[in-house]
Amino acid sequence: MTSDVEIKLDIPQFQQDLLDWYEIQKRDLPWRKDQTPYKVWVSEVMLQQTRVDTVIPYFNQFINKYPTVYDLAAADEQDVLKMWEGLGYYSRARNLQSAVREVVEKYGGEIPSSPEELGKLKGVGPYTKGAILSIAFNQPEPAVDGNVMRVFSRLLNIKDNIALAKTKKTFEKYVRKMISKQDPSSFNQAIMDLGATICTPKSPGCLLCPVQEHCIAFAEGIQEELPVKSKAKKQKKVPYTVLAIKNGKGEWFIEKRPDHGLLANLWQFPMVPMKEVEPSGIERWMLQEYGLEVSVGKKLGEVKHVFSHLIWQLEIHIAYTEQDTSDDFRLLSVPLDNFDAYPFPVPHQKVIELIQ
Ligand code: SF4
């Protein structure tokens, strides 16, 4: 691919300085021990929107349980979601599993090394594709995320707004020009490490930086002003009353979320949308919506959960019912001891803590 961007720094020397530093300072991460395409894929999917420290135990458990594409392809989706419980952004797990199934069915279990085939797999966007191709297949492909854009915007003094989708394409062009053709795997990982440990969003550690002498932002003293990023839209606040409903057998009513959209196929306690329901109308709403006659008891606590586009404001109440079961297909009554069999999103795991 041709690039129409101009770069003023000494690219071979920059690569050398970066790779020398990486050789000595690289982070000891479990997915770096044996960089198979599958392990790189799983780690990169987990690392999207999630911190490295959080990902490490999840990655180890996941690879332990599903060591190959065949194991993951054959797994029950609910078990995979259970392994993902707490990591958030659950569509990542569902997409990963359907893509891995495609790898088994269409490519005989071999993850494709061509950008076209890899990029067509479900959930494999430009970043994940670039990470797998460069790290596992040693191809000089860019893997550009927010961290990489931050580092390059400072190095090259690029003032494009990184909140705009088209800016990523511009940075891909820069990375294509600067990436080491001899060792693209280490190059991309070195940039990731630099962004995570030295060229951090606030107070970058320029004095310790291995590529400081190449950095235009440092030379001009403007490193803290970059990257340019327009403010994200404010998330909408959505209030709910969450009912932890106990029946006469001491079991709790939980429901499975729809199989598409937010937190698809995860389990939760019934949620009453308080933008539509008066506090005095909760019991009537439960009867109409779920056919469950409940009496609402005391408040157990409040939970706030921030998604990328909205915020759940949850007020948790205990509730009681005489009914052992419900005719509603979504609801199930389950003893507390059996909750382990169901994947719950983080805000509802907090409800479980409140009723224990
Ligand atoms: Fe980032 Fe500072 Fe290094 Fe430039 S010198 S790349 S701003 S840490």
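**Exercise 1. How many residues lie between E5 and E6 in the hairpin they form?**

Before the solution, a word on the model. It is predicted, so local features need pLDDT of at least 70 and side-chain atom pairs count only at pLDDT 80 or more, while totals for chains, interfaces and linings use all residues. Residues are numbered from 1 along each chain as its sequence is written, and side-chain values use heavy atoms, with hydrogens and water left out.

Step 1: find the strands. E5 covers residues 294–306 and E6 covers residues 310–321. Strands (E, at least two residues) and helices (H or I, at least four) are DSSP runs, numbered from the N terminus.

Step 2: check the pairing. E5 and E6 pair in the antiparallel sense over 10 bridges; two strands pair if DSSP finds at least two bridges between them.

Step 3: read off the turn. The hairpin has 3 residues between E5 and E6.

**Exercise 2. Get an overview of the protein chain.**

Step 1: count the elements. You'll find 14 helices and 7 strands.

Step 2: get the dimensions. Along the principal axes, the C-alpha atoms fill a box of roughly 75 × 50 × 35 Å.

Step 3: look at burial. Of the 356 residues in the protein chain, 51% are buried. Here buried means under 20% relative accessible area, exposed means over 50%, and partly exposed is in between (1.4 Å probe, protein chains only).

**Exercise 3. Which strands does E2 pair with, and is E2 mostly covered or uncovered?**

Step 1: start with E7. Strand E2 (residues 252–256) and strand E7 (residues 331–334) run antiparallel, joined by 4 bridges. Phenylalanine 253 stands opposite serine 333 in E7.

Step 2: move to E3. Another 2 bridges join E2 to strand E3 (residues 267–268), again antiparallel. On this side, lysine 256 stands opposite tryptophan 267.

Step 3: check the burial of E2. The strand is mostly covered, with 4 of its 5 residues buried.

**Exercise 4. Explore the loop between E2 and E3.**

Step 1: pick out leucine 263. This residue sits in the loop between E2 and E3 and has a positive phi of about 50 degrees, although it is not a glycine. Its relative accessibility is 8%, so leucine 263 counts as buried.

Step 2: go to alanine 264. Alanine 264 is in the loop between E2 and E3 and is buried, with a relative accessible area of 2%. Its C-alpha atom is 34 Å from that of isoleucine 191, which is 73 residues away along the chain.

Step 3: compare with serine 203, in the loop between H11 and H12. Serine 203 has a positive phi near 45 degrees and isn't a glycine. At 51% relative accessibility, serine 203 counts as exposed.

**Exercise 5. Which residues surround the ligand?**

Step 1: list the shell. The ligand is surrounded by Arg154, Ile198, Cys199, Cys206, Cys209, Gln212, Cys215, Phe218 and Gln223. A residue counts as near a molecule if one of its heavy atoms lies within 4 Å of it.

Step 2: sort the shell. The residues divide into 6 nonpolar, 2 polar and 1 charged. Ala, Val, Leu, Ile, Met, Phe, Trp, Tyr, Cys and Pro count as nonpolar, Asp, Glu, Lys and Arg as charged, and the others, Gly among them, as polar.

**Exercise 6. How many aromatic pairs does the structure hold?**

Step 1: take the total, which is 12. Rings of Phe, Tyr and Trp (its six-membered ring) pair if their centres lie within 6.5 Å; planes under 30 degrees apart count as stacked, over 60 as edge-to-face and the rest as tilted.

Step 2: classify phenylalanine 14 and phenylalanine 187. This pair is edge-to-face, at 6.2 Å centre to centre and 65 degrees between the planes. Phenylalanine 14 belongs to helix H1 (residues 11–25) and phenylalanine 187 to helix H11 (residues 184–197), so the pair links distant parts of the chain, 173 residues apart. Both phenylalanine 14 and phenylalanine 187 are buried.

Step 3: classify phenylalanine 339 and phenylalanine 344. Their centres are 5.4 Å apart with the planes at 40 degrees, so this pair is tilted. Phenylalanine 339 and phenylalanine 344 are both buried.

Step 4: spot a cluster. Phe62, Tyr66 and Trp84 form one aromatic cluster.
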